[in-house]
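Have the sequence and the model open while you read.

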Amino acid sequence: MGSGGSLSVALFCWMLAEAASSSPWGFPQRDSGVLRIRGDSSWSRPHVPSFSQPSPWAWVDVSQLQAAAPLHPVTVQCQEAQVVVTVHRDLFGTGRLVKASDLTLGSAACLPVAQSTAESTVTFMAGLHECGSTLQMTRDSLIYKTNLSYKPTPSGSLVIVRTNAAVIPIECHYPRKSNVSSNAVRPTWAPFRSTLSAEEKLMFSLRLMNDDWSAERLSNSFQLGESLHLQADVISGNHVPLRLFVDDCVATLNPDRNSFPQYALIDLSGCLMDGRSDDTTSAFISPRPRPETLQFMLDAFKFAGDNRNLIYITCHLKVSPADQSPNPLNKACSFNKASSLWAPVEGTGDICSCCETGTCPLYGGYSRRTNSPARWSGRRLKRDISSKQATCKFIP
């Protein structure tokens with residue numbers, strides 16, 4: 001078995017599963033539930049229109065205007081995410097146009113966003129929660145309430161006004177028991193299942209296995225000349241299917257992965273660098289037993305000129321969606337000495353070409369070759385990070 005002695009290795013794994021999140025739903029905007037009301041005090045209480053299908057609808061109390069003209073001075077459109085209020089500047093039906101600057105929406109006094117000189121109208125557009133609107137919930141409806149305010153100001157140097165102030169209550173009613181859109185809801189970022197799964201915990205492990213991979217190895221002692229069989233796993237639970245990768249592994253003489261001396265076993269986002277040496281057979285096992293498991297073998301070793309008998313191997317594990325093709329950032333590549341080429345466990349051979357040139361994209365932008373501790377110190381991730389340990393001893 002080569003030179004006598006046994007080797008002890010402590011294994012640590014740092015885990016990261018990448019996720020992105022975003023607001024998952026986008027609703028198309030459409031004009032729905034338009035109700036134009038112009039009237040007297042008989043309209044001072046809400047009026048519920050009759051619709052064959054539940055849809056948003058508007059209620060407007062214009063009783064303060066006391067207008068005589070047949071115009072509808074205030075038109076309200078209750079859309080899925082906003083309210084659009086169009087106001088005719090002949091607000092009181094007298095033929096005298098009010099100033100657009102005297103009209104505001106809500107307690108936040110939002111100003112009009114558009115004005116039509118030809119039609120003598122001004123238009124307000126505001127999100128349902130904007131401009132100081134309030135929300136009331138009933139058993140059947142969500143009711144967003146706001147006000148259109150008219151506060152006349154003197155013209156020029158005059159100190160008089162010729163109209164009264166007015167406050168026009170506006171309500172948008174949305175049914176609670178059905179979609180407000182007749183169109184299908186379309187996810188614009190990620191399906192709900194993957195968005196929810198991104199917040200759940202993943203369970204990672206890194207274990208020393210026996211020679212036939214059938215069970216975890218009971219002894220942690222190795223002779224130089226033997227091979228270490230390591231298996232990384234992730235339990236995905238209710239997540240979308242995942243594929244596990246070993247981003248890098250570093251060997252040290254104490255638990256601090258940034259300590260010296262150190263030896264990069266796996267680097268460059270999944271290149272098994274130890275297998276590049278002339279006197280080793282270290283490699284990833286292909287094919288995988290399943291996407292969420294990755295196995296690899298390392299030839300036993302010790303640090304030259306150091307008599308300590310315990311070696312720590314710390315690995316950084318990560319996952320990607322199983323239906324995502326491996327790429328230079330997510331890969332598992334071994335060096336094939338027969339062909340003198342790097343070969344992936346899965347994917348096309350070109351994803352491993354950067355292992356030879358050292359130009360692979362790196363998670364966080366650092367390689368173990370730079371010996372930069374900044375990659376690891378103080379990192380906080382949305383995924384849970386944990387460590388697992390096993391030991392192997394070298395006894396002179």
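**Disulfides, cores and cavities**

Start with Cys249 and Cys315, which form a disulfide with their sulfur atoms 1.9 Å apart (a disulfide here is a pair of cysteine sulfur atoms within 2.5 Å). This is a predicted model, so local features need pLDDT of at least 70 and side-chain atom pairs count only at pLDDT 80 or more, while totals for chains, interfaces and linings use all residues. Residues are numbered from 1 along each chain as its sequence is written, and side-chain values use heavy atoms, with hydrogens and water left out.

Back to that first pair. The link of Cys249 and Cys315 is right-handed, with 110 degrees about the S-S bond. Cys249 sits in strand β17 and Cys315 in strand β21, distant parts of the chain 66 residues apart (strands are DSSP runs of E, at least two residues, and helices are runs of H or I, at least four, numbered from the N terminus). Cys249 is buried at a relative accessible area of 0%, and Cys315 is buried at 0% as well. For these labels, buried means under 20% relative accessible area, exposed means over 50%, and partly exposed is in between, using a 1.4 Å probe and protein chains only.

How many disulfides does the structure hold? There are six, and with bonded cysteines counted along the chain they follow the pattern 1-4, 2-3, 5-7, 6-11, 8-9, 10-12. One of them joins Cys110 to Cys131, S to S 2.1 Å. That link is left-handed, at -110 degrees about the S-S bond. Cys110 comes from the loop between β7 (103–105) and β8 (114–116), and Cys131 from the loop between β9 (121–127) and β10 (134–137), 21 residues apart. Cys110 is partly exposed, with a relative accessible area of 23%, whereas Cys131 is buried at 11%.

Another disulfide pairs Cys333 with Cys352, the sulfur atoms 1.9 Å apart. Its S-S torsion is about -80 degrees, so this one is left-handed. Cys333 lies in strand β22 (residues 333–336) and Cys352 in the loop between β23 (341–344) and α2 (353–357), so the bond ties together parts 19 residues apart in sequence. Both Cys333 and Cys352 are buried.

Now for the packing. In soluble globular proteins, nonpolar side chains tend to be buried together. The largest nonpolar core has 34 residues, and Leu228, Val246, Cys249, Phe284, Phe296, Leu298 and Ile313 have the most contacts inside it. (A nonpolar core is a set of buried Ala, Val, Leu, Ile, Met, Phe, Trp, Tyr and Cys residues joined through side-chain atoms within 4.5 Å.) Among the strands that each supply at least two residues of this core are β16 (227–235), β17 (242–252) and β21 (310–321). Leaving aside neighbours within four places in sequence, Val246 is in contact (heavy atoms within 4.5 Å) with residues including Ala232, Phe296 and Cys315. A second, separate core of 29 residues includes Leu91, Ala126, Tyr144 and Leu148.

On a 1 Å grid over the protein atoms alone, a cavity is a set of points where a 1.4 Å probe fits but cannot get out, and lining residues have an atom within 4 Å of a point. The largest cavity is lined by 13 residues, with Val83, Leu128, Ser133, Tyr144 and Thr146 nearest its centre. Both β11 (141–150) and β12 (166–175) supply at least two residues of that lining.

Key:
On a 1 Å grid over the protein atoms alone, a cavity is a set of points where a 1.4 Å probe fits but cannot get out, and a pocket is an open set with protein on both sides within 12 Å along at least five of seven lines; lining residues have an atom within 4 Å of a point.
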